[in-house]
Amino acid sequence: MTSSPCPERCQKQSDTRALIVLRDSKGGKSEYRAANPSRRTATVVQVDGCCIVKREACDFLMLVGDTDAYLIE
């Protein structure tokens, strides 16, 4: 991941699956499902506890292609 304010270790995955499933990293039962029918490359970054550690933040940032970004709580 280039020019990111987050450390490289926070990048969880880049994938092109038609269904991307993210789970709460703190042991919760929350699950987020993102439909990706066009199979564009989606890069998932762990924000809470990795990019931002001194306060609460969204759980994940999902970057899809060059234009779309989703904050996931």
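How many salt bridges does the structure hold? The structure holds four, a salt bridge being a side-chain nitrogen of Lys or Arg within 4 Å of a carboxyl oxygen of Asp or Glu. The model is predicted, so local features need pLDDT of at least 70 and side-chain atom pairs count only at pLDDT 80 or more, while totals for chains, interfaces and linings use all residues. Residues are numbered from 1 along each chain as its sequence is written, and side-chain values use heavy atoms, with hydrogens and water left out.

The protein chain has six strands and zero helices, where strands (E, at least two residues) and helices (H or I, at least four) are DSSP runs numbered from the N terminus. Of its 73 residues, 30% count as buried; buried means under 20% relative accessible area, exposed over 50%, and partly exposed in between (1.4 Å probe, protein chains only).

Now to the pairs themselves. Asp-15 and Arg-17 meet through their side chains at 2.8 Å, N to O; Asp-15 is buried at 12% relative accessibility, whereas Arg-17 is partly exposed at 43%. A salt bridge of 2.4 Å (N to O) joins the side chains of Arg-40 and Asp-68. This pair links distant parts of the chain, 28 residues apart: Arg-40 lies in the loop between β3 (31-35) and β4 (42-46), and Asp-68 in strand β6 (residues 68-72). Arg-40 is partly exposed at 33%, as is Asp-68 at 27%.

Salt bridges that share partners also join Arg-23, Glu-31 and Arg-33 into one network. Within it, the side chains of Glu-31 and Arg-23 meet at 3.1 Å, N to O; Glu-31 is partly exposed at 39%, and Arg-23 is exposed at 53%.
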